[in-house]
Amino acid sequence: MKQMSRVVRTITSLTFGYIVIFGFYVIIYGHVTPGGGFQGGVVVASGFALLLVVYGHKKAEEYLNTNLLSFAESTGLIIFIVLAFLGLGFSFFYNFLTNSGGLFGHMPVSGVNPGDVYTGGLIPLMELAVGLEVLSAMGVIVLILSGGATRIKKKKENL
Amino acid sequence: MKKTIFGIALVFFVAFMILIAVQMRPFGQPTMSHMDDYFIQNTQAETGVNNVVTGILFDYRGFDTLGEATVLFTAVIGVTVLFREALK
């Protein structure tokens with residue numbers, strides 16, 4: 001895949017960081033504002049896709065490591081399952097941290113309010129794990145598809 | 001013959017649709033709302049999150065989210081296997 005024009009490349013390098021930061025904001029504040037792990041992960045992955053479309057596969061692969069993303073994807077899923085198993089003393093997916101006063105255990109104010117990030121117990125942690133999994137899974141899918149298309153095209157030209 | 005059957009079927013279908021549309025309940029008034037009321041009133045106190053949707057997705061229906069994450073994992077495995085030969 002060829003690179004796009006200089007204007008598009010400059011705008012992308014300006015906005016890419018903001019896209020990633022917004023995605024992580026959506027992931028971390030998922031339990032207080034509309035959003036969550038899936039949505040934020042997809043926003044970050046859309047940043048990866050933008051990088052891939054604008055810079056081409058060869059240049060984008062210098063910044064995005066497929067093996068690292070694949071590892072992060074498996075890690076996210078494993079963290080999610082482990083967090084689910086932690087509440088097994090009561091039941092699977094039991095949220096034992098909520099309202100406990102410790103990590104992420106603040107009591108929420110009832111009624112309509114802006115919200116506190118340190119509430120929800122296991123839910124923000126699960127959200128982080130799912131966000132990590134979704135962003136790296138989408139990144140891996142986009143990277144592998146574009147890489148495969150590039151290689152197949154090259155092989156056909158050589159024949 | 002075929003056209004007649006289709007015409008009769010279409011008449012019945014449209015009549016059925018109009019009947020349903022006339023009998024439909026007004027928007028925002030479901031037949032049963034016990035479960036919705038329970039979630040709306042108790043999610044904040046029980047799970048400690050302000051976002052009710054997240055409370056349901058990650059606490060009451062955690063299995064659903066686990067399945068979704070597994071679907072994504074399987075999609076990645078499928079894509080990797082499909083392009084394994086091309087990426088050698």
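This is a predicted model: local features need pLDDT of at least 70, side-chain atom pairs count only at pLDDT 80 or more; totals for chains, interfaces and linings use all residues.
**View 1. The complex of chains A and B, with the predictor's confidence.** The predictor gives this complex an ipTM of 0.84 and a pTM of 0.83. In chain A the mean pLDDT is 88, with 99% of the residues at 70 or more. In chain B the average pLDDT is 89, and 99% of the residues score at least 70. For chain A, confidence is highest in α1(A), with a mean of 93, and lowest in α4(A), with a mean of 90. For chain B, helix α1 (residues 2-23) has the highest confidence, at 94, and helix α2 (residues 34-47) has the lowest, at a mean of 87.

**View 2. The fold of chain A.** Chain A contains four helices and zero strands. The C-alpha trace of chain A spans about 65 × 35 × 20 Å along its principal axes. The radius of gyration of chain A is 20 Å, whereas a compact globule of 159 residues would have one near 15 Å. Of the 159 residues in chain A, 38% are buried. Take the contacts in chain A between residues at least 6 apart in sequence: 67% of these join residues at least 24 apart.

**View 3. Helix α1 of chain A.** Does the length of this helix agree with its number of residues, or disagree? α1(A) has 23 residues, which at 1.5 Å a residue should span 33 Å. The C-alpha atoms at its ends are 34 Å apart, so the two values agree. The helix is bent by about 35 degrees at A:Thr15. Buried residues in α1(A) include A:Gly23, A:Val26 and A:Ile27. An α-helix has 3.6 residues a turn, so residues three or four places apart point the same way. Among the elements that cover the buried residues of α1(A) are α2 and α4 of chain A.

View 4. A:Gly36 sits in the loop between α1 (6-28) and α2 (37-63) of chain A. Is A:Gly36 buried or exposed? A:Gly36 has 25 other C-beta atoms within 10 Å, so A:Gly36 is buried; the cut-off for a buried residue is 20 or more. Leaving aside neighbours within four places in sequence, A:Gly36 is in contact with A:Gly30 and A:Glu127 in chain A, and with B:Thr54 and B:Leu57 in chain B. A:Gly36 and A:Met126 are 90 residues apart in sequence, while their C-alpha atoms are 9.9 Å apart in space.

**View 5. The surroundings of A:Asp116.** A:Asp116 is found in the loop between α3 and α4 of chain A. How many C-beta neighbours does A:Asp116 have inside 10 Å? The number is 17, so A:Asp116 counts as partly exposed; a buried residue needs 20 or more, and an exposed residue has 12 or fewer. Leaving aside neighbours within four places in sequence, A:Asp116 is in contact with A:His106 and A:Pro108. A:Tyr29 is 87 residues from A:Asp116 along the chain, and the C-alpha atoms of the two are separated by 9.3 Å.

**View 6. The contact between chain A and chain B.** How many residues does each chain bring to the contact? Chain A brings 35 residues and chain B brings 25 residues. On the side of chain A that touches chain B, α3 (66-86) and α4 (122-158) each supply at least two residues. The largest share of this side comes from α4(A), with 15 residues. By residue type, this side of chain A divides into 17 nonpolar, 14 polar and four charged residues.

**View 7. The fold of chain B.** Chain B has four helices and zero strands. Read along the sequence, these give the pattern α-α-α-α. The radius of gyration of chain B is 24 Å, well over the 12 Å that the globule rule gives for 88 residues, so chain B is more spread out than a compact globule. Along its principal axes, the C-alpha trace of chain B spans about 60 × 50 × 15 Å. Buried residues account for 19% of the 88 residues in chain B.

Key: Residues are numbered from 1 along each chain as its sequence is written. Chains are lettered from A and ligands numbered from 1 in the order in which they are written. pLDDT is the predictor's confidence in each residue, from 0 to 100. Two residues are in contact if their C-beta atoms, placed from the backbone, lie within 7 Å. Ala, Val, Leu, Ile, Met, Phe, Trp, Tyr, Cys and Pro count as nonpolar, Asp, Glu, Lys and Arg as charged, and the others, Gly among them, as polar. The radius of gyration is taken over C-alpha atoms; the globule rule is 2.2 Å times the number of residues to the power 0.38. The expected span of a helix is 1.5 Å times one less than its number of residues. The bend at a residue is the angle between axes fitted to the seven residues ending there and the seven starting there.
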